[in-house]
Amino acid sequence: MAASMDEDITANPPPSSEEDPLAEERLGFVREVGAQAVWSLSSCKPGFGVERLRDNIMDTYWQSDGQLPHLVNIQFHKRTNISQIYIYTDYKLDESYTPSRISIRSGTNFNDLQELQVMDLTEPTGWVQIPIKDGNVKSIRTFMLQIAVISNHQNGRDTHMRQIRIHAPVEGKHYPLELFGKFGTVDFQKFATIR
Amino acid sequence: MMIQEPVQAAIWHCLNYYDFKDAVFLSERLCSEVESDETIFLLATSYFRSNQVHQAYWLLKEKARRSPQCRFLQAKCAYELKKYAEAESALISTGFADAKNCDELQRDFGDLACFAYQLMAQICMRTERNKLAVSALRRALKLNPFMWHAFADLCLLGQDTDAAAIFQIHSTDVFNTCQGSSVNANAMVLFGAEQQGQQHQERQSLITNLSNVSNYILTTPVDQQQQQINQNQNQHHNSNMVTPINNNNNNNNLNSSISMLRGGLVQNSSMLAMLEDTPMGAPQDPAGQYQQNQQLYDMSSGTPFRKQFKYLSAISPPTPSFGIMPLTSPCTGNDGSFIGNHTPVMNISYSPMPQMLVEVNQEPKMMGKKLKTHVGGLINRKEGSLNKPAVFTQAGNITPRTPNNNNVGNNGNMNVPPNPNAAVRRSSRLFSNSYSVKENNKSPNIANKFVQPRSPPRKAKSRMTKICLNNELIEDKSHHLSEKRKEKVETITSSGANNNSGGRSAAEEAKVLLNNSLNNAQTMAHQLMGLKKQSADGLMALLRGLAEAYQLLSNFQCKAAIKQLETTIPKHHLNSSWVQSLIGLARYEMREYEAAVAIFETIHKTEPCRLDYMEIYSSSLWHLQREVELSALAQDLINQDKTSPVTWCVSGNCFSLQKEHETAIKFFKRAVQVDPDFVYSYTLLGHELVLTEEFDKAMDYFRAAVVRDPRHYNAWYGIGTIYSKQEKYELAEIHYVKALKINPQNSVILVHIGAMQFYMKKKDLSLQTLNTAATLDPKNPLTRFHRGSIYFSLGKYQEALRELEELKEVVPKESVVFYLIGKIHKTLGNMDLALMHFSWATDLDPKGANNQIKDAFDSMAHPSCCPANTTALDVDLEPTSERSDDSTQAQQDGSYDSDY
């Protein structure tokens, strides 16, 4: 685990222009589950709170108003499978407010959060994908996620984040008739369900 | 009451021509002047047609009138406001319906009883007393076999009824309840000393005026009723049906084409109805009128009592009941012989009618308005049909007569012309020119039908007229009377009537006249009844065919329903949009989505504004994953009608297909808001919430759907799906079986039941179920796939391979099939075949949706037979989550590491 974390620290983020969470959602392999959670923040400037993070408008942002680290707490009503986190941030606009190091933590509640990974961002512009891993498993089942902004570019104090999307894998294996995977052809799919 | 009559006529005139604001205003003034059952009913009707249902309901409840019309309308308003208990207490005096006091309805409501029964049935359906609802619907159909929607409701309740027995006219008594009061033609009044010329002519004039008024009132409500049907259309479920007006449009196109091809001015139609009518020697004009009356009943449950009331609006004083009115046969017969022999008399008499309500100097304006009305009717007809402009353009010479041909054809097909009043007169002129002298003598008798009901108030009317007319009116009237006298002389001469110069005595002459009038009355009565029965039987035959098919479809015997429609329904009805919609729905229920899409596409092209069953069209496109067509359809409907639940169901399906489930859910919720009684929107919303794994909300919506329609098998299936995803397989099987009982022909439900039985360790039972599904629907590939999967889990590898190899031939591009074959070969130790099939599976699914294929493929790179076999068996014997599967792989990797 320690070695794995070290590798993640040194990894470069993937190119932003190739990542689009909406396109992935449209493919049908993942779906957005942020709406099923209760969101809270460690601090925010008045008028720049949770709703700015979740309005699907890239021009608005959350702005923190406290001491580092700045926290985004995402609590689900039930154990939810999480595979990816997408964060939209723009260094050209936010400069010293842009996060530079982010830690992802998960657990049941605030008292037992475990750090999954730490990611360094280098002048990000656009969507940043953070795949969630727990060993070899490519997704986790958890009640709570916490996104911690540990530091900002140019040693800024407060942080900006424009959007956060939480992806869960579409659980085809739970559907009894698709035990061996999702059907790919129309001939199979049109007989798989009634509408 | 005499004084109210012209005001009431004016109000009905406003209602008939959709001027609801003025109708409400005038009714309020009349109610303030004189408050009675009549005036209150008239005001409530004006409110109701203006969509002010709350106000109509308040008025009727506040005034608490006990006349049948007021009670019925009060119950109707309460029903529309969802106050079912109050609707019931308005119909039943004790306030609660049971089998005993249902008999009360027939006594209380008389001619309205069939509609009262229908309304009672709807109330009982809402309050979940289906037995009582079924009983009430059967009574309604017995009283009035023209009520199609009562039969449709019986089918929705799952009742097996004998359509041939229901849609049958056993005796002419049903006409009383179908068409309102009729005159007893056998009633006799002494032939009195009223033969004085002047008085005689005045009576004739008044009778003719009343007849014209009646014609006006009787014919114009057609379009108004259609409009009201459109307003009420949302009340119906998926079984919503089209009005005959739409059939009329299609038949107009058909008849126009036929006219063009034959090039004849008078259409010689090979249609059955026309042939049946022609040998009688009767013109189409009166037959069309009767068919038109029947169409009125088909289109709206409110028509008969409104029509009856319109009679009352022209007659006063009203009798306590709406029973049979007395007939002064000798005078009427005598008058009829003159009126009937000379049709133009009625046309000329048409113009004096406005004198009853307006000054002489306004008469030219009124005539101008009527001319504009007729021109408007022509324009509307042209606009209403895409083919008609072409017809007029190509056959310019016959342009003025084409509408007559269309109208004639429409009458023959039992369809209502767009402007019946104009059509009647044109047809009358047309046939008077076409028929021989002998036949011409018979046709006038039928026109007398409309004269008789007005004869009793003759004297009272005459007095009122004298009081109201001023000097100018009198002079003008004298002029008209002079003209009529001349025409009558011509008529007598041309028809070779009795000659006074024969020298017969006055007594003999009177005797001859009396005998003639008696004979005319009897012959007329027989002919009328024969014509009535003939046209009604034609409609009944069509309804029997449609009813058989509709019942089969509601029991989900879709193949039989399609066969019934295609063999028994005449071509021009089979090609109508309503019948094609039924066929499309049947194709959809058989999961023949390509055929269903083709049918609905044709309907949408010919009638772009038609919304019925467009939600089924969108679901068919959803299954076939045709995003572009579905998006275009959604755009079309949003541009047309944002207040219809069909529009938002289509839009929701569009976004669902694009995997934008949140937006789809938003639109389905909007569909539920727009019409809380549209069951399919609840079901679609439930399915969408299942996709987003919000099972609790989905369960709520599926349950809301089955509450509204217990036979909605789709919702029961949805509930079963939720339980299966929650791995509650017993509950899932119970609900799937419930869905299967409603629709035994659905192989998809059978496959799901088989899967549930498999997970409950009932593998043999599961195989039986899948075999049943395969027999039922050989085209369903999932039955073979799951049968192969079960054989694999049972260790019968050769049978599994045989099933899957056959399936590979049917659907050659399904990667999961190759994957499963690869697993079988891997278990059997055929590594090369396993690798080959895994490779094919990977190629067919390059996006990697199936992670299992990659894992299996990778594990093949490290051959280790014994752990692989164990892994495969474990995976297939037990339902596994993704995590468990990966853990197994991890263990395998671990063992490999230790070996290394």
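This is a predicted model: local features need pLDDT of at least 70, side-chain atom pairs count only at pLDDT 80 or more; totals for chains, interfaces and linings use all residues.
Guide: Local features here need pLDDT of at least 70 and side-chain atom pairs pLDDT 80 or more, while totals for chains, interfaces and linings use all residues. Residues are numbered from 1 along each chain, chains are lettered from A in the order in which they are written, and side-chain values use heavy atoms, without hydrogens and water.

Visitor: At what angle do the axes of helix α2 and helix α3 of chain B cross?

Guide: Axes are lines fitted to C-alpha atoms, for helices over the stretch in contact, and angles run from 0 to 180 degrees between N-to-C directions. Helices are DSSP runs (H or I, at least four residues) and strands likewise (E, at least two), numbered from the N terminus. In chain B, the axes of α2 (residues 20-33) and α3 (residues 37-49) come within 9 Å and cross at roughly 155°. α2(B) is therefore roughly antiparallel to α3(B) (over 145 degrees).

Visitor: How many residues of chain A are in contact with chain B?

Guide: Contact means heavy atoms within 4.5 Å. By that rule, 33 residues of chain A touch 66 residues of chain B.

Visitor: How many salt bridges are counted between chain A and chain B?

Guide: A salt bridge is a side-chain nitrogen of Lys or Arg within 4 Å of a carboxyl oxygen of Asp or Glu. The count between the two chains is two, including B:Glu594 with A:Lys190 (3.3 Å, N to O). Over all chains the count is 26. A:Glu32 and A:Arg54 also form a salt bridge, with the closest N and O atoms 2.9 Å apart. That pair links distant parts of the chain, 22 residues apart: A:Glu32 lies in strand β1 (residues 30-32) and A:Arg54 in the loop between α3 (50-53) and β3 (62-63) of chain A.

How values were computed:
Angles under 35 degrees count as roughly parallel, over 145 as roughly antiparallel, 65 to 115 as roughly perpendicular and the rest as oblique.
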